[in-house]
Amino acid sequence: MAKSLSNAGEIAHDTAQLEACRQIIARHCYSTQEEIRRELAHFGFPDISQSTVSRLLRRLGVAKAQNASGKKVYTIVDEQLENVDSTHSIHDMVKSVEHNQQLVLIHTTPGAATVVARMLDRHANPEIMGAVAGNDVVLVAPRHISRTRQTLEAVIRTLKAH
């Protein structure tokens with residue numbers, strides 16, 4: 001019985017850390033995990049380690065993206081994706097889509113590649129093996145190189161739908 005109470009306490013503590021981290025990132029711009037760790041310490045988690053911060057960021061779906069000032073900061077990608085509206089749609093983020101015989105390349109506005117790649121991952125298409133995001137470029141790998149053209153078409157359909 002004591003063990004299950006301990007586990008329940010650990011789960012509540014983990015949930016509280018996760019929520020605190022989400023709130024902290026939503027409120028301010030942080031460019032290092034150390035800044036987030038210090039803020040979490042002030043938020044009531046004084047013994048939090050950098051590895052725990054890293055785990056929290058991974059669980060929240062946090063990535064670094066360029067903000068309006070050009071600084072790379074941590075941002076919650078899912079929230080960016082959910083908050084895309086008619087004035088800042090995926091379509092507005094994408095500048096161009098091109099391909100060769102092996103890959104599809106999506107050029108985006110600065111800082112938007114992570115959002116676009118995440119959207120492609122969320123709407124998995126069997127033609128797409130995976131997407132890797134930089135700051136303003138998404139590299140899309142086709143599942144089969146012989147079907148790069150079909151992968152391009154799948155990417156364009158997905159982008160138009162959102």
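**Reading a predicted model, feature by feature**

Mentor: This model is predicted. Of the 162 residues in the protein, 36% are buried.

Trainee: Which secondary structure elements does the protein have, and what pattern do they follow along the sequence?

Mentor: Start with the count, then read the order. Here there are seven helices and six strands. Along the sequence they run α-α-α-β-β-α-α-β-β-α-β-β-α.

Trainee: Where is the confidence lowest, and where is it highest?

Mentor: Begin with the overall value. The mean pLDDT of the protein is 82, with 83% of residues at 70 or more. Confidence is lowest in helix α4, residues 77-82, where the mean is 54, and highest in α2, where it is 95. Two stretches call for care. In residues 1-5 the pLDDT is below 50, and this stretch has zero contacts in the model beyond near neighbours in sequence. Residues 81-87 also have a pLDDT below 50, but there the model shows eleven contacts beyond near neighbours in sequence.

Trainee: Which residues of helix α2 are buried?

Mentor: In α2, which spans residues 33-42, the buried residues are Gln33, Ile36 and Leu40. Viewed down the axis of α2, they fall within an arc of 60°, so they line one face of the helix.

Trainee: Is Arg38 buried, exposed or partly exposed, and why?

Mentor: Look at the relative accessibility against the cut-offs: under 20% is buried and over 50% is exposed. Arg38, found in helix α2, counts as partly exposed because its relative accessibility is 41%. Sequence distance and spatial distance can also be read together. Arg38 and Ile48 are ten residues apart in sequence, and their C-alpha atoms are 8.6 Å apart in space.

Trainee: Where does Asn125 lie, and which residues does it touch?

Mentor: Asn125 is in the loop between α6 (113-122) and β5 (128-133). Asn125 is buried, because its relative accessible area is 17%. Leaving aside residues up to four places away in sequence, Asn125 touches Ala154 and Arg157. A polar atom of the Asn125 side chain also lies 2.8 Å from the backbone nitrogen of Glu127.

Trainee: How much of the accessible surface belongs to carbon and sulfur atoms?

Mentor: Take the total, then the share. The accessible surface comes to about 9300 Å², and 52% of this belongs to carbon and sulfur atoms.

Notes
Residues numbered from 1 in each chain as written. Predicted model: local features only at pLDDT ≥ 70, side-chain atom pairs only at ≥ 80, totals over all residues. Heavy atoms only, no water. Buried < 20%, exposed > 50% of the residue type's maximum accessible area, 1.4 Å probe, protein only. Helix = DSSP H or I, 4+ residues; strand = E, 2+ residues; numbered from the N terminus. Arc of directions from axis to C-beta. Areas by Shrake-Rupley, 256 points an atom, 1.4 Å probe, with all protein chains shown as cover. Polar contact = N/O pair within 3.5 Å; in protein donor to acceptor, adjacent residues only side chain to side chain. Contact = heavy atoms within 4.5 Å. pLDDT = per-residue confidence, 0-100.
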